[in-house]
Amino acid sequence: MPEKTWPLGDAALLVELGSRIDTALNARCHALAAALEKRSGVKEAFAGYSTVTVHYDPERTSYAALKTAISRLLQEKPRVGPSGRLHRIPVSYDGPDLADSAELLGLTIADLVKLHSKPTYRVFMVGFVPGFAYLGPLPAALQLPRRRVPRTHVPAGSVAMAGEQTGVYPLPTPGGWHLLGRTAMPMFLNFTRSPSLLRPGDRVKFHPV
Amino acid sequence: MSWNTSRLSRRPAPAEGVLLVEKPGLLTTIQDLGRPGHRKFGVPPSGAMDRFALAAANRLVGNPEGAAGLECALNGPVLLALQPCLVAVTGADFTPTVNGAEMPPWTGVYLAAGERLSFGGRRSGARCYIAVAGGLAGSRWLGSLATYLLVEKGGFDGRTLEAGDVLSLATSAPRPLIAGRHLSRRLLPPYGREPALGAVPGPHHGRLNRASRSALLKSSFAVSRDADRMGFRLEGPPLALSGSELLSIGLTMGAVQLPIGGQPILLMADHQTAGGYPVILGVARAALPLAAQLLPGDQLTFREVGAGDAQEEWRRLREALEQIA
C-alpha cells in the first residue's frame with residue numbers, strides 16, 4: 001500500500017503506512033521516524049501504530065521536500081532495528097473490572113489471567129501521558145470495546161486492556177480501559193533522560209503474583 | 001515614575017532572589033518555549049500557551065525568546081522587587097501596575113528594589129506573561145524549565161507559585177538594562193473574544209460529510225468550561241464523521257480532534273501526545289496565540305488556510321517580534 005501524507009497544521013505532517021496493528025508495519029514506522037529525525041529541519045518524528053507524525057521547521061525544510069524524502073526512505077530496504085529490551089512485569093490480578101471482563105468474554109477469571117499473562121507483548125508506541133506504553137497485540141479471546149463511560153480517575157499502576165491493546169497506567173489519569181490488576185513497577189521514571197520505563201520496540205511479559 | 005531608559009551599575013548575580021511572590025494569583029507557573037522532542041516518551045511540549053506573548057516579553061527585556069518567565073492565568077500575582085530589575089508584561093490585559101500606578105503593557109519597565117508589580121483586574125484575554133531581564137531560574141527537566149503540572153516537573157519545583165516563593169534569575173541580566181522597548185499594538189496578533197483561527201484541513205477532514213464540512217467553517221464554536229493547558233473542548237453544531245475506528249496517531253498543539261459525539265477538542269501546550277480520535281483540522285501556529293487568550297464562553301470560528309499561507313502568516317508574526325531590538 002503506498003503511503004498517504006497530510007499536513008497537520010503548518011509545521012507538522014502525518015504519513016500513514018497502513019491501518020492495522022502489525023509488528024512489521026510498526027517496525028517500519030519506527031525506522032522511518034528514526035531516519036527522518038536525522039534530517040535537517042525535522043524537529044521530532046513520532047511513530048504511531050502505522051503512522052509517523054513529523055514536526056518540522058518550515059524555514060529549513062518543506063512539506064513537499066519531506067514527502068519526497070519519505071517516499072525515498074520507504075523504498076529503501078528496511079533495516080532490522082534493535083530487538084528492544086524484555087521487561088517482566090509482576091501483576092496482582094485483582095482489578096475492579098476483572099470479574100466483569102471475564103463474564104463479558106465468557107471466560108473464568110483464571111483463564112483470563114492465563115491468557116493475558118501468556119503473550120510477550122510489543123511496545124508499539126508510548127503516548128497519551130508520560131510513560132504510557134501501548135502494548136499488543138492482545139489475544140482475540142480478550143478483546144472488548146473500551147468502557148462506555150470512562151473512569152475519571154484510574155490509579156497509577158493499573159494494568160488494563162481495551163480492543164487489541166493492553167498497557168499500564170503510569171500516572172493517575174482518566175481512562176476508559178478495563179482494569180485487570182495492578183503493578184508496583186514504576187512506568188514513569190521522573191529522574192532519567194528517557195522518562196518511560198518502556199520504549200518503542202521493547203517487549204513486555206506480565207507475570208501474575 | 002518614569003519609563004525612560006535606565007542604566008544600572010549593580011549587576012544582580014544569578015540565584016540571588018529577584019522577586020518575592022507576595023500573592024501567587026490563581027494559576028501562575030514558570031514557562032519557557034517548551035520541551036519538544038520527547039513525545040516518544042509521552043511527554044508533551046508544554047511551555048507558554050501564547051508563545052508569541054512570552055517571546056515578545058523576553059525580547060522586550062533583552063532576553064533570548066525562549067528564556068523562562070511567568071504565565072499567569074485569569075489574574076496576576078503580586079511581586080515585590082528584591083533588587084532592581086527590568087520586567088515586561090504581555091499577553092492578556094490584567095491591568096498591570098507598579099506601586100499602584102498603571103504600567104504600560106508590551107513594554108520593558110524598570111522596577112526599583114522595593115517596588116511592587118501587581119494587577120488591577122482582568123480587562124481582556126486569559127493569560128498574561130511576565131518576563132524579567134536575565135530570565136527566571138527553575139528546575140530543568142528534559143531540557144526545559146516549563147512547568148508540567150501532571151508530573152510535577154520543571155519550573156518552580158513542578159508546581160504553581162505560592163505566597164512566599166522567591167524567584168531567582170537564571171543568568172545575570174544583560175547589560176545595560178534598557179527600559180522602554182515597546183511593541184506597538186498594531187503589530188500584535190488580532191487578539192479578541194471571537195477570533196477566526198486559521199486552520200489547515202487535517203488528515204481526517206475528508207471523513208466529514210458535506211454538511212459538517214460546511215458547518216465547521218460557517219459556525220461559531222464556544223470554548224466550554226472544560227478548557228485548560230491540555231486543550232479546550234468546544235461546543236458547536238454536532239459534526240458527523242464516517243469511516244472505521246482509527247489507530248492512535250501522534251498529535252501536535254493546534255490539532256482539532258473530533259471524538260464520538262461530534263464536539264471538537266483543540267489541543268494546546270500540555271496535549272496528550274497520542275490519540276485515536278479523527279483529526280479534522282490543524283490550527284496554524286500564527287493563530288494559536290489567539291486561542292491561548294480565550295476563556296470559557298468565548299466564541300471562535302475556523303478559517304481554512306493552506307499550509308503555505310499559514311507559514312507566511314507565521315513569518316509576518318515573527319517580523320513583529322524581530323522589530324523589538
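Biologist: Among contacts in chain B between residues at least 6 apart in sequence, what share joins residues at least 24 apart?
Modeller: This is a predicted model, and every value here is computed from it. Take the contacts in chain B between residues at least 6 apart in sequence. Those that join residues at least 24 apart make up 78%.

Biologist: How many helices and strands does chain B have?
Modeller: Helices and strands are counted separately along chain B. The secondary structure comes to 4 helices and 20 strands.

Biologist: What radius of gyration does chain B have, and why does it agree with a compact globule?
Modeller: The C-alpha atoms fill a box of roughly 65 × 40 × 30 Å along the principal axes. Chain B has 325 residues, so a compact globule would have a radius of gyration near 20 Å. Chain B agrees with that, at 20 Å.

Biologist: What percentage of the residues in chain B is buried?
Modeller: A residue is buried if 20 or more other C-beta atoms lie within 10 Å of its own. Of the 325 residues in chain B, the buried ones make up 56%.

Biologist: Is B:Val109 buried or exposed?
Modeller: B:Val109 lies in strand β8 of chain B, residues 108–111. B:Val109 has 25 C-beta neighbours inside 10 Å, so it counts as buried.

Biologist: Which residues touch the most other members of the largest nonpolar core?
Modeller: This core has 162 residues. Its largest share, 7 residues, comes from helix α1 of chain B, residues 51–60. Beyond four places away in sequence, B:Val87 touches residues including B:Val61, B:Val109 and B:Leu111. The members that touch the most others are B:Val87 and B:Val132.

Biologist: Which strands stand at the edges of the open sheet of 6 strands in chain B?
Modeller: The order is β7-β6-β9-β4-β1-β11, with antiparallel pairing. Each edge strand has a single partner, so one side of it is left without a neighbour in the sheet. The edge strands are β7 (101–102) and β11 (166–168) of chain B.

Biologist: Which residue in β4(B) stands opposite B:Leu19?
Modeller: Strand β1 (residues 17–23) and strand β4 (residues 78–81) of chain B run antiparallel. They are joined by 4 bridges. Opposite B:Leu19 stands B:Ala81.

Biologist: Which element gives the largest share of the side of domain 1 of chain B that touches domain 2 of chain B?
Modeller: Chain B is divided into domain 1 (17–183) and domain 2 (196–322). In their contact, 23 residues of domain 1 of chain B meet 17 residues of domain 2 of chain B. On the domain 1 side, α1, β5 (85–93) and β10 (124–132) of chain B each supply at least two residues. The largest share, 6 residues, comes from α1(B).

Biologist: How far apart are the centres of the two domains of chain B?
Modeller: The side of domain 1 of chain B that touches domain 2 of chain B has 12 nonpolar, 6 polar and 5 charged residues. The centres are taken over C-alpha atoms. Their separation is 27 Å.

Biologist: Which element gives the most to the side of chain B that touches chain A?
Modeller: The contact takes 32 residues from chain B and 37 residues from chain A. The chain B side divides into 17 nonpolar, 11 polar and 4 charged. Elements that give two or more residues to this side are β15 (249–250), β19 (279–283) and α4 (307–322) of chain B. With 4 residues, the one that gives the most is α4(B).

Key:
Residues numbered from 1 in each chain as written. Chains lettered and ligands numbered in written order. Predicted model: local features only at pLDDT ≥ 70, side-chain atom pairs only at ≥ 80, totals over all residues. Core = buried A, V, L, I, M, F, W, Y, C linked by C-beta atoms within 7 Å. Buried ≥ 20, exposed ≤ 12 C-beta atoms within 10 Å, placed from the backbone. Contact = placed C-beta atoms within 7 Å. Domains from an automatic or database assignment. Nonpolar A, V, L, I, M, F, W, Y, C, P; charged D, E, K, R; others polar. Rg over C-alpha atoms; globule rule 2.2 N^0.38 Å. Pairing = 2+ DSSP bridges.
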